[in-house]
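Please look over the sequence and the model below before reading on.

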Amino acid sequence: MDILKKKENQSFDLVVSLNQAAQQRDPEIAQMFGERFIDLRFQEEDPAKEILERLMEKVYEVVPDSRSHVMNHLLFIYNQYDMAAVLYEHTCVLLKGSGENLFQYLLERYEDILRALESVKLDTSGHMAEYFLFSRYSCQRNLNGLYYLKKWVYKYPVRGLIQNIHGIYQFDREFFRVEYLKAKVAEQNVMDRVFAKEYFGRCIKNSTIEVCKSYLYYHLAKWYERGKQMDEALRSYKKAYKNNPASVKAVFKLAVCADIRNDLQSEKKYLKLLIDDWKQYKSNRNKMPLMDLEYAYKSNMLMDDITRVKMEDTVYYEEAQKILDFTRNLTKESDESYFIRRLYNDDVLKYIYKSIAGRMDISCLMQGNIWRNSHGTVQKQ
């Protein structure tokens, strides 16, 4: 709430609170955003499709101009193909540990979605065409990402896709998120990867909201990191954290960077932030995204690695093991309110459980395991 109330984060078109969650934290928050604040209420057993449709009706009430054929098409396609799981970034992160089944599921789903998007006769003079095109090109980029994993020739050549994305500006010159999408596409090609930095920079420059800049700085930092430019990466991760101290991904990256630089004090500081966050929210862990569970696990394991003096000092290790056990047992949980049970259908859920637990289990098999961070450095626990 403190972050949302900052002047630098006041430019959101809409703020949505689910079942008065924001108001319970801060009764003043609704008045601060006035008519731009939406309170969406629903029961846990309500179908996701109905909740989304209810949300869109509230959006149309606040922003009447947003009601259009474009939004109707996008909402229909989104619901028809259960796109929440498809678009969830962590889904693709889990692919390497989930086997061929999840890959095939995503591949077929994206192909179906793109056929639906590309079959729509779009009136390019119509209202909100930029959103439709952005959606289409985003899905093309994601399908290319799946092809990349298999080392297949891209279905949508990178340079042509970048040109198409840039064409969105003819409908809205202020739609600067175009630059973000251009950057993510450019990263898929060795010859065009160098331009991603420029695209990220433009997007950051034109963004007026700090927490949005944080997200962009994080992706720019990853661009630097892949190019082994670690000093620049660290500076961008710090900016990502400064603009949004609640960014779990940025905090964890700062801990990893501190580890690489042998800055034990900073590493402890950032890991403690993540561990304290976990302590605050673990009673509601059934509502947490998979990514947050994984970062909670990693943080406790790394803290165990750098603080343990005696073999009996197992506080952090035991907490990590509890998170791992909880994740393993999700497959036996019948509560439909669980975040991932709402996100994935039963056809792919078992592969998700297997993959996330496997990613965690790598470092938790025995106390003498070796922790290998993403940069290839090796440390003994």
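**A covered helix and its surroundings**

Helix α16 is mostly covered, twelve of its 13 residues being buried, where buried means under 20% relative accessible area, exposed means over 50% and partly exposed lies in between (1.4 Å probe, protein chains only). This is a predicted model, in which local features need pLDDT of at least 70 and side-chain atom pairs count only at pLDDT 80 or more, while totals for chains, interfaces and linings use all residues. Residues are numbered from 1 along each chain as its sequence is written, and side-chain values use heavy atoms, with hydrogens and water left out.

The buried residues of α16 include Val248, Val251, Phe252, Leu254 and Val256, and among them are also the charged residues Lys249, Lys253 and Asp259. Helices (H or I, at least four residues) and strands (E, at least two) are DSSP runs numbered from the N terminus, and α16 covers residues 248–260. From its first C-alpha to its last, α16 reaches 19 Å, close to the 18 Å expected at 1.5 Å a residue, the expected span being 1.5 Å times one less than the number of residues.

Just after α16, Asn262 takes a positive phi of about 55°. Most residues other than glycine have a negative phi. Asn19, in the loop between β1 (15–18) and α2 (21–25), also has a positive phi, near 50°, and is partly exposed with a relative accessible area of 31%. Lys151, in the loop between α10 (129–149) and α11 (158–166), has a positive phi of about 60° although it is not a glycine, and at 76% relative accessibility Lys151 counts as exposed.

The structure holds 20 salt bridges, a salt bridge being a side-chain nitrogen of Lys or Arg within 4 Å of a carboxyl oxygen of Asp or Glu. One of them joins the side chains of Lys150 and Glu100, at 2.7 Å from N to O. Lys150 lies in the loop between α10 and α11 and Glu100 in helix α9 (residues 100–119), so the pair ties together parts that are 50 residues apart in sequence. Both partners are partly exposed, Lys150 with a relative accessible area of 30% and Glu100 with 41%.

A further salt bridge is formed by Lys282 and Glu319, whose closest N and O atoms are 3.2 Å apart. This pair links distant parts of the chain, with Lys282 in the loop between α17 (264–281) and α18 (290–307) and Glu319 in helix α19 (residues 315–328), 37 residues apart. Here Lys282 is partly exposed at 29%, whereas Glu319 is buried at 13%. In the salt bridge between Arg308 and Asp304, at 2.9 Å from N to O, Arg308 is buried with a relative accessible area of 18%, and Asp304 is buried with 3%. Elsewhere, salt bridges that share partners join Glu179, Lys182, Glu198 and Arg202 into one network.

Which residues form the positive surface patch? The patch is made of Arg235, Lys238, Lys239, Lys242 and Lys269, patches being built from residues with over 30% relative accessible area and no salt bridge, with like charges joined within 9 Å. Helix α15 (residues 230–243) gives the largest share of this patch, four residues. Arg235 has its place in α15 and counts as partly exposed at 48% relative accessibility.

Technical notes
Patches are made of residues with over 30% relative accessible area and no salt bridge: like charges are joined within 9 Å, nonpolar side chains (Val, Leu, Ile, Met, Phe, Trp, Tyr) within 5 Å. Accessible areas come from the Shrake-Rupley method with a 1.4 Å probe; for residues, only the protein chains shown count as cover. The place of a charge is taken as NZ of Lys, CZ of Arg, CG of Asp or CD of Glu.
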